[in-house]
Amino acid sequence: MSGTAKDGIVETIKTVVYALLIAGVFRTLFYQPFWIPSGSMKDTLLIGDFLFVNKMAYGYSRYSCPFSACPISGRLWSAEPERGDVVVFRHPTNGSDFIKRLIALPGDTVQVKDGVLWLNGQPVPQKDGGTFEEIKAPQGSQRNMPQCANDPVGQGAVCVKERKIETLPNGVSHSILNIRNSGVDNTPIYTVPEGQYFFMGDNRDNSQDSRVPVALGGVGMLPAEYLIGRADRIMFSSAGKSLFFFWTWRSDRFFKAVE
(Lines give C-alpha, C1' and ligand atoms only; values in the text may rest on other atoms or scores of the structure.)
Protein backbone atom coordinates (compact mmCIF):
# COMPACT_ATOMS: atom_id res chain seq x y z
CA MET A 1 0.00 0.00 0.00
CA SER A 2 1.38 3.41 -0.92
CA GLY A 3 2.18 6.04 1.65
CA THR A 4 -0.55 8.29 0.26
CA ALA A 5 -3.18 5.58 0.72
CA LYS A 6 -1.99 4.91 4.28
CA ASP A 7 -2.11 8.60 5.07
CA GLY A 8 -5.67 8.75 3.72
CA ILE A 9 -6.80 5.87 5.93
CA VAL A 10 -5.16 7.43 8.99
CA GLU A 11 -6.84 10.78 8.29
CA THR A 12 -10.23 9.07 7.89
CA ILE A 13 -9.81 7.25 11.21
CA LYS A 14 -8.77 10.48 12.93
CA THR A 15 -11.80 12.28 11.49
CA VAL A 16 -14.17 9.57 12.75
CA VAL A 17 -12.55 9.57 16.21
CA TYR A 18 -12.73 13.37 16.46
CA ALA A 19 -16.38 13.33 15.36
CA LEU A 20 -17.25 10.73 17.98
CA LEU A 21 -15.43 12.70 20.68
CA ILE A 22 -17.23 15.91 19.75
CA ALA A 23 -20.59 14.11 19.68
CA GLY A 24 -19.83 12.55 23.08
CA VAL A 25 -18.93 15.91 24.61
CA PHE A 26 -22.07 17.53 23.10
CA ARG A 27 -24.26 14.70 24.40
CA THR A 28 -22.69 14.81 27.87
CA LEU A 29 -22.61 18.57 28.44
CA PHE A 30 -25.39 20.08 26.37
CA TYR A 31 -28.21 18.05 24.81
CA GLN A 32 -29.08 14.35 24.86
CA PRO A 33 -31.49 12.84 22.32
CA PHE A 34 -34.48 11.01 23.79
CA TRP A 35 -37.28 9.01 22.17
CA ILE A 36 -40.61 8.62 23.95
CA PRO A 37 -41.17 4.84 24.18
CA SER A 38 -44.35 4.65 26.28
CA GLY A 39 -47.65 6.40 26.88
CA SER A 40 -47.08 7.49 30.48
CA MET A 41 -46.85 11.19 29.55
CA LYS A 42 -49.80 11.41 27.14
CA ASP A 43 -51.03 13.73 25.91
CA THR A 44 -48.13 16.07 26.64
CA LEU A 45 -45.75 13.59 25.00
CA LEU A 46 -46.80 10.87 22.59
CA ILE A 47 -45.10 7.59 21.72
CA GLY A 48 -42.69 8.38 18.90
CA ASP A 49 -41.91 11.96 19.93
CA PHE A 50 -38.21 12.78 19.61
CA LEU A 51 -36.68 15.51 21.73
CA PHE A 52 -33.39 16.83 23.00
CA VAL A 53 -32.91 16.94 26.77
CA ASN A 54 -31.34 20.14 28.10
CA LYS A 55 -28.53 18.81 30.31
CA MET A 56 -27.39 22.26 31.40
CA ALA A 57 -30.65 22.90 33.26
CA TYR A 58 -29.81 21.17 36.57
CA GLY A 59 -26.06 20.69 36.49
CA TYR A 60 -24.20 17.41 36.14
CA SER A 61 -23.82 14.10 37.97
CA ARG A 62 -22.32 10.72 37.15
CA TYR A 63 -25.53 9.94 35.25
CA SER A 64 -24.89 12.79 32.81
CA CYS A 65 -22.39 10.57 30.98
CA PRO A 66 -23.19 7.48 28.91
CA PHE A 67 -22.98 4.33 31.04
CA SER A 68 -22.94 6.55 34.18
CA ALA A 69 -19.21 7.01 33.57
CA CYS A 70 -18.74 10.59 34.80
CA PRO A 71 -16.35 10.61 37.81
CA ILE A 72 -18.64 12.96 39.75
CA SER A 73 -19.85 12.68 43.33
CA GLY A 74 -23.20 14.41 43.89
CA ARG A 75 -23.89 17.23 41.41
CA LEU A 76 -21.69 19.91 39.82
CA TRP A 77 -23.10 23.39 39.08
CA SER A 78 -26.37 22.19 40.53
CA ALA A 79 -29.57 24.17 39.86
CA GLU A 80 -32.95 23.44 41.41
CA PRO A 81 -35.65 22.12 39.08
CA GLU A 82 -38.99 23.87 39.14
CA ARG A 83 -42.36 22.32 39.92
CA GLY A 84 -44.01 21.33 36.65
CA ASP A 85 -40.77 20.69 34.73
CA VAL A 86 -40.79 17.63 32.48
CA VAL A 87 -37.62 15.83 33.49
CA VAL A 88 -35.54 12.96 32.18
CA PHE A 89 -33.83 10.99 34.95
CA ARG A 90 -32.09 7.68 35.54
CA HIS A 91 -34.21 5.08 37.29
CA PRO A 92 -32.54 4.37 40.66
CA THR A 93 -32.37 0.58 40.23
CA ASN A 94 -32.94 -0.64 36.66
CA GLY A 95 -30.57 1.75 34.86
CA SER A 96 -33.09 2.98 32.26
CA ASP A 97 -33.98 6.61 31.54
CA PHE A 98 -37.49 7.76 32.53
CA ILE A 99 -39.38 10.96 31.71
CA LYS A 100 -42.02 12.34 34.10
CA ARG A 101 -43.34 15.65 35.43
CA LEU A 102 -41.89 17.09 38.64
CA ILE A 103 -44.79 17.46 41.06
CA ALA A 104 -43.33 17.99 44.52
CA LEU A 105 -40.14 19.49 45.94
CA PRO A 106 -38.16 18.70 49.09
CA GLY A 107 -40.32 19.30 52.18
CA ASP A 108 -43.63 19.09 50.31
CA THR A 109 -46.40 16.70 51.29
CA VAL A 110 -48.16 14.85 48.46
CA GLN A 111 -51.33 12.80 48.32
CA VAL A 112 -53.75 11.68 45.63
CA LYS A 113 -57.41 11.40 46.69
CA ASP A 114 -60.02 10.15 44.23
CA GLY A 115 -57.70 11.10 41.38
CA VAL A 116 -57.12 14.65 42.62
CA LEU A 117 -53.60 15.74 43.52
CA TRP A 118 -53.13 17.38 46.94
CA LEU A 119 -49.99 19.37 47.73
CA ASN A 120 -49.20 20.57 51.23
CA GLY A 121 -52.74 19.86 52.37
CA GLN A 122 -54.46 21.71 49.52
CA PRO A 123 -56.15 20.24 46.40
CA VAL A 124 -54.51 21.23 43.12
CA PRO A 125 -57.17 22.86 40.90
CA GLN A 126 -58.46 20.91 37.89
CA LYS A 127 -60.81 22.05 35.15
CA ASP A 128 -62.43 20.12 32.34
CA GLY A 129 -60.24 19.67 29.30
CA GLY A 130 -62.59 17.63 27.14
CA THR A 131 -61.33 14.27 25.93
CA PHE A 132 -58.19 12.89 24.33
CA GLU A 133 -58.87 10.56 21.41
CA GLU A 134 -56.58 8.25 19.47
CA ILE A 135 -56.94 5.14 17.36
CA LYS A 136 -56.64 1.89 19.27
CA ALA A 137 -53.74 0.27 17.42
CA PRO A 138 -50.17 -0.82 18.21
CA GLN A 139 -47.95 2.23 18.72
CA GLY A 140 -44.23 2.83 18.26
CA SER A 141 -41.42 0.35 17.84
CA GLN A 142 -42.57 -1.56 20.93
CA ARG A 143 -46.08 -1.88 19.47
CA ASN A 144 -47.78 -0.90 22.72
CA MET A 145 -51.57 -0.90 22.69
CA PRO A 146 -53.16 2.23 24.24
CA GLN A 147 -55.45 1.91 27.24
CA CYS A 148 -58.91 3.41 26.84
CA ALA A 149 -61.57 4.71 29.21
CA ASN A 150 -64.21 3.38 26.79
CA ASP A 151 -62.80 -0.18 26.70
CA PRO A 152 -63.63 -2.67 25.47
CA VAL A 153 -63.14 -1.27 21.98
CA GLY A 154 -61.73 -3.15 19.04
CA GLN A 155 -58.50 -2.45 17.22
CA GLY A 156 -58.97 0.42 14.80
CA ALA A 157 -61.74 2.01 16.88
CA VAL A 158 -61.52 5.37 18.67
CA CYS A 159 -59.85 5.14 22.08
CA VAL A 160 -61.10 7.86 24.47
CA LYS A 161 -59.64 9.23 27.71
CA GLU A 162 -61.00 11.95 29.97
CA ARG A 163 -58.76 15.03 30.04
CA LYS A 164 -58.36 17.61 32.79
CA ILE A 165 -56.22 20.75 32.99
CA GLU A 166 -54.28 20.82 36.26
CA THR A 167 -52.66 24.01 37.56
CA LEU A 168 -49.79 23.63 40.04
CA PRO A 169 -49.18 26.19 42.82
CA ASN A 170 -46.52 28.02 40.79
CA GLY A 171 -48.98 28.58 37.93
CA VAL A 172 -47.81 25.82 35.58
CA SER A 173 -50.83 24.32 33.79
CA HIS A 174 -50.78 21.01 31.95
CA SER A 175 -53.20 18.35 30.83
CA ILE A 176 -53.67 15.04 32.64
CA LEU A 177 -55.58 11.97 31.48
CA ASN A 178 -57.89 9.64 33.36
CA ILE A 179 -58.63 6.09 32.22
CA ARG A 180 -60.24 4.40 35.21
CA ASN A 181 -60.40 4.31 38.99
CA SER A 182 -57.12 2.66 39.93
CA GLY A 183 -54.99 1.97 42.97
CA VAL A 184 -52.79 5.03 42.37
CA ASP A 185 -55.87 7.30 42.44
CA ASN A 186 -55.77 7.08 46.25
CA THR A 187 -52.46 7.15 48.08
CA PRO A 188 -51.12 7.76 51.57
CA ILE A 189 -49.57 11.12 52.40
CA TYR A 190 -45.93 11.29 51.26
CA THR A 191 -43.40 13.77 52.64
CA VAL A 192 -40.59 14.49 50.18
CA PRO A 193 -37.20 14.25 51.93
CA GLU A 194 -34.46 16.85 51.58
CA GLY A 195 -32.54 16.43 48.33
CA GLN A 196 -35.25 14.31 46.70
CA TYR A 197 -38.18 14.85 44.33
CA PHE A 198 -41.62 13.43 43.57
CA PHE A 199 -42.62 12.73 39.96
CA MET A 200 -45.85 11.72 38.23
CA GLY A 201 -46.82 10.90 34.66
CA ASP A 202 -49.50 13.01 32.99
CA ASN A 203 -51.30 9.81 31.93
CA ARG A 204 -52.11 9.23 35.56
CA ASP A 205 -53.49 5.67 35.38
CA ASN A 206 -50.70 4.41 33.13
CA SER A 207 -47.52 5.58 34.87
CA GLN A 208 -45.04 3.86 37.14
CA ASP A 209 -43.92 6.95 39.02
CA SER A 210 -43.23 8.19 42.55
CA ARG A 211 -46.58 6.86 43.75
CA VAL A 212 -45.17 3.37 43.20
CA PRO A 213 -42.25 2.06 45.33
CA VAL A 214 -39.00 1.21 43.60
CA ALA A 215 -39.39 -2.41 44.73
CA LEU A 216 -42.57 -2.63 42.64
CA GLY A 217 -41.05 -1.08 39.53
CA GLY A 218 -41.89 2.53 40.33
CA VAL A 219 -39.65 5.53 40.96
CA GLY A 220 -40.29 6.27 44.64
CA MET A 221 -38.66 9.42 45.98
CA LEU A 222 -35.89 10.31 43.53
CA PRO A 223 -32.54 11.67 44.82
CA ALA A 224 -31.25 14.72 42.95
CA GLU A 225 -28.17 12.92 41.61
CA TYR A 226 -30.36 10.90 39.21
CA LEU A 227 -31.61 13.99 37.33
CA ILE A 228 -30.33 14.15 33.75
CA GLY A 229 -32.04 17.17 32.22
CA ARG A 230 -35.19 19.05 31.24
CA ALA A 231 -37.32 18.33 28.19
CA ASP A 232 -38.01 21.68 26.52
CA ARG A 233 -39.07 21.04 22.93
CA ILE A 234 -40.19 18.19 20.66
CA MET A 235 -38.02 18.20 17.56
CA PHE A 236 -39.65 15.41 15.54
CA SER A 237 -42.54 12.98 15.91
CA SER A 238 -43.53 9.77 14.18
CA ALA A 239 -46.58 7.64 14.94
CA GLY A 240 -45.30 4.60 13.06
CA LYS A 241 -43.16 1.60 13.87
CA SER A 242 -40.17 3.21 12.19
CA LEU A 243 -39.18 6.82 11.61
CA PHE A 244 -38.65 5.89 7.95
CA PHE A 245 -42.43 5.50 7.56
CA PHE A 246 -42.73 9.13 6.48
CA TRP A 247 -46.51 8.86 6.04
CA THR A 248 -46.80 8.46 9.84
CA TRP A 249 -44.87 11.63 10.66
CA ARG A 250 -46.78 14.11 12.87
CA SER A 251 -45.61 17.42 11.40
CA ASP A 252 -47.90 19.39 13.74
CA ARG A 253 -45.64 18.28 16.62
CA PHE A 254 -42.32 19.29 15.00
CA PHE A 255 -40.56 21.91 17.20
CA LYS A 256 -43.47 21.99 19.63
CA ALA A 257 -42.68 23.31 23.13
CA VAL A 258 -43.11 20.86 26.01
CA GLU A 259 -45.58 22.40 28.45
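Five bridges join strand 3 (residues 86-90) to strand 4, and the two run antiparallel. The model is predicted, so to speak of local features requires a pLDDT of at least 70, and side-chain atom pairs count only at pLDDT 80 or more, whereas totals for chains, interfaces and linings use all residues. Residues are numbered from 1 along each chain as its sequence is written, and side-chain values use heavy atoms, with hydrogens and water left out.

Two terms are needed at once. Strands (E, at least two residues) and helices (H or I, at least four) are DSSP runs, numbered from the N terminus. Two strands pair if DSSP finds at least two bridges between them.

To return to the hairpin: strand 3 and strand 4 form it with six residues between them, and Gly 95 in the turn has a positive phi of about 80°. Arg 90 stands opposite Asp 97 in strand 4. On strand 4 there is also a pairing with strand 12 (residues 196-200), antiparallel and joined by three bridges. Here Leu 102 stands opposite Phe 199 in strand 12.

Is strand 4 buried or exposed? Seven of the eight residues of strand 4 (residues 97-104) are buried, so the strand is largely enclosed by the rest of the structure. I use buried for under 20% relative accessible area, exposed for over 50%, and partly exposed for what lies in between, with a 1.4 Å probe and protein chains only.

The aromatic residues come next. A pair of aromatic rings is described by the distance of the centres and the angle of the planes. Rings of Phe, Tyr and Trp (its six-membered ring) pair if their centres lie within 6.5 Å; planes under 30 degrees apart count as stacked, over 60 as edge-to-face and the rest as tilted. By this rule the count comes to eleven aromatic pairs. In one of them, Trp 35 and Phe 50 have ring centres 4.9 Å apart and planes at 50°, so the pair is tilted. Trp 35 lies in strand 1 (residues 31-35) and Phe 50 in strand 2 (residues 49-54), so this pair ties together parts that are 15 residues apart in sequence. Trp 35 counts as partly exposed, at 38% relative accessibility, while Phe 50 counts as buried at 16%. Both belong to one aromatic cluster, formed by Trp 35, Phe 50, Phe 52, Phe 236, Trp 249 and Phe 254.

Now the charged pairs. A salt bridge is a side-chain nitrogen of Lys or Arg within 4 Å of a carboxyl oxygen of Asp or Glu, and the count comes to 13 salt bridges. Which residue forms a salt bridge with Asp 49? The partner is Arg 250, the closest N and O atoms being 3.6 Å apart. Arg 250 lies in the loop between strand 14 (227-237) and strand 15 (256-257) and Asp 49 in strand 2, so the pair ties together parts that are 201 residues apart in sequence. Arg 250 is buried, as is Asp 49.

Arg 83 and Asp 108 also meet through their side chains in a salt bridge, at 2.7 Å from N to O. Arg 83 is in the loop between strand 2 and strand 3, and Asp 108 in the loop between strand 4 and strand 5 (109-113), 25 residues apart. Both residues, Arg 83 and Asp 108, are buried.

I close with the disulfide, meaning a pair of cysteine sulfur atoms within 2.5 Å. The structure holds one: Cys 148 and Cys 159, with sulfur atoms 2.1 Å apart. The torsion about their S-S bond is about -115°, so the disulfide is left-handed. Cys 148 sits in the loop between strand 8 (126-135) and strand 9 (158-167), and Cys 159 in strand 9, eleven residues apart. Cys 148 and Cys 159 are buried.
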